[in-house]
Amino acid sequence: MLLSARHGTKEATNSKPKKTSTKAKLAWRQMSVNDIESLVRVAHLIHPGLPESDEVFAERVKLFPEGCLALVEGERDELYGYAISHPIRRRQPPALDSFLRAIASDADQYYIHDLAILPEARGRGLAQECINKLFGIAQRHPTTCLVSVYDTAPFWGRFGFVPEEIDEGLKAKLLDYGDDATYLERKNEGVQSKLN
């Protein structure tokens with residue numbers, strides 16, 4: 001199961017991620033621009049067909065650092081996953097691999113751009129932990145949205161995300177995310193995760 005808002009989890013067929021001990025202590029921390037090189041390595045393994053530039057990721061970290069998280073192994077600080085999120089104007093997620101330039105002062109929705117975890121770090125409840133952290137930030141806005149790919153909509157549905165009707169402009173933007181891209185939203189009040 002992949003935990004990516006932006007893309008979903010599709011493993012690269014010609015890439016072999018480093019193995020980590022099942023006893024390795026992994027934890028979420030705020031990301032810094034020093035993590036970008038490692039983030040891009042993880043992004044290319046998880047989303048080889050949907051690349052984004054180092055500069056786009058660095059801009060997100062600079063513009064909204066509290067919504068950018070790194071999943072790291074404690075002793076070596078090695079990156080095993082990441083989350084990129086930030087406020088947007090309602091139903092106006094950025095195009096793939098595009099700059100924001102600024103967070104809009106009238107932003108009225110929270111956007112989870114990507115949540116990606118390497119396969120060897122999955123199955124430990126780390127995605128739910130990250131999503132809960134992001135929901136804590138998202139509470140400042142009435143809704144949270146994301147673009148689900150790789151058929152991950154059922155996963156996101158466990159957190160209250162549902163498909164919404166969208167206009168032609170957003171439909172066109174979703175084409176960059178692949179044929180199976182689905183725009184999802186959730187209300188930020190009164191929705192609990194239904195993960196076991």
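The side chain of Ser 85 reaches the backbone oxygen of Gly 67 at 2.7 Å. Bear in mind that this is a predicted model, where local features need pLDDT of at least 70, side-chain atom pairs count only at pLDDT 80 or more, and totals for chains, interfaces and linings use all residues. Residues are numbered from 1 along each chain as its sequence is written, and side-chain values use heavy atoms, with hydrogens and water left out.

Ser 85 sits in strand β3 (strands are DSSP runs of E, at least two residues; helices are runs of H or I, at least four; both are numbered from the N terminus). Ser 85 is buried, at a relative accessible area of 0% (buried means under 20%, exposed over 50%, partly exposed in between, with a 1.4 Å probe and protein chains only).

Here are two partners of its side chain:

| Partner of Ser 85 | Distance |
|---|---|
| Tyr 110, side chain | 2.6 Å |

The Tyr 110 pair is a polar contact, meaning N or O atoms within 3.5 Å, one able to donate a hydrogen and the other to accept it; residues adjacent in sequence count only if both atoms are side-chain atoms.

Now for the nonpolar cores (buried Ala, Val, Leu, Ile, Met, Phe, Trp, Tyr and Cys residues joined through side-chain atoms within 4.5 Å). The largest has 45 residues, and Met 31, Leu 39, Tyr 82, Leu 115 and Trp 156 touch the most other members. Helix α3 gives the largest share of this core, eight residues. A second, separate core of 13 residues includes Leu 96 and Tyr 150.
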